[in-house]
Amino acid sequence: MKVLSIIGHPDLKNSRLSAEFVRQLPQFGVTARLLENQHVNYIFNVEKEQNELIDYDRIIFIFPMFWYSMPALMKKWIDDIFLPGFAYARNGNKLSNKEIQVVTTVGAPKEGYRAGSFNNYTIDELLKPIQQTVNYVKAKYLPPIVIYESVFLSENTIQKVISDVCCKISNEQDNPDLLYEKLLLKAESEKINLIRDIN
């Protein structure tokens, strides 16, 4: 499986986690594409970017969450590259069946992203526009990977966390649809009766 990472941090020299991804990804056979290096005055070479996507089976969007969304540079890249005839509409099937996954970093703890907490919404809820975009272009949306408390991590912890994430995104991932089936098989093997006769 060929894996491409699109790194959306707009200023890598002021990043710790995205910079560590750039350093480690090649060791896992993952191509790293830095959006800050792919534009001239915020103009992308559309044909070049589209051709790059075609060659890969899995595309990873790596970005720090900015105001509950992706950085503006990554949003502009999607707007410019996911065009009709390429990503959707007539003959726009170039991304269909590819796997697309979000890897995002947030400064707050996981407990901050839920109803009733200070951020009110889960990361899954905040990423819905990306999920729908992936669905619309007929790609497969893999469950996102979130690195919480990113601003508080030590350098040693960052290296370990990034290594673990790189390992995951470069390998086959469990199909979420099969997780429930695995639970059912486990219940059967342990003779747990999940269905009771109500007659």
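What percentage of the 199 residues of the protein chain count as buried? The share is 41%, where buried means under 20% relative accessible area with a 1.4 Å probe, protein chains only.

This is a predicted model, in which local features need pLDDT of at least 70, side-chain atom pairs count only at pLDDT 80 or more, and totals for chains, interfaces and linings use all residues. Residues are numbered from 1 along each chain as its sequence is written, and side-chain values use heavy atoms, without hydrogens and water.

The protein chain has 7 helices and 8 strands. These are DSSP runs, numbered from the N terminus: helices (H or I) of at least four residues, strands (E) of at least two.

**Two helices**

Two packed helices are described by the angle between their axes and the distance between the axes. Axes are lines fitted to C-alpha atoms, for helices over the stretch in contact, and angles run from 0 to 180 degrees between N-to-C directions.

| Item | Value |
|---|---|
| Helix α1 | residues 17-24 |
| Helix α6 | residues 155-169 |
| Angle, α1 and α6 | about 55° |
| Axis distance, α1 and α6 | 10 Å |

The contact (heavy atoms within 4.5 Å) includes Leu-17 and Phe-21 of α1 and Ile-158 and Ile-162 of α6.

**Glu-99**

Glu-99 lies in strand β6, residues 99-105. At 13% relative accessibility, Glu-99 is buried. The Glu-99 side chain makes a polar contact with the side chain of Arg-58 at 2.7 Å. A polar contact is a pair of N or O atoms within 3.5 Å; within protein, one must be able to donate a hydrogen and the other to accept it, and residues adjacent in sequence count only if both atoms are side-chain atoms.

How values were computed:
Buried means under 20% relative accessible area, exposed over 50%, partly exposed in between (1.4 Å probe, protein chains only).
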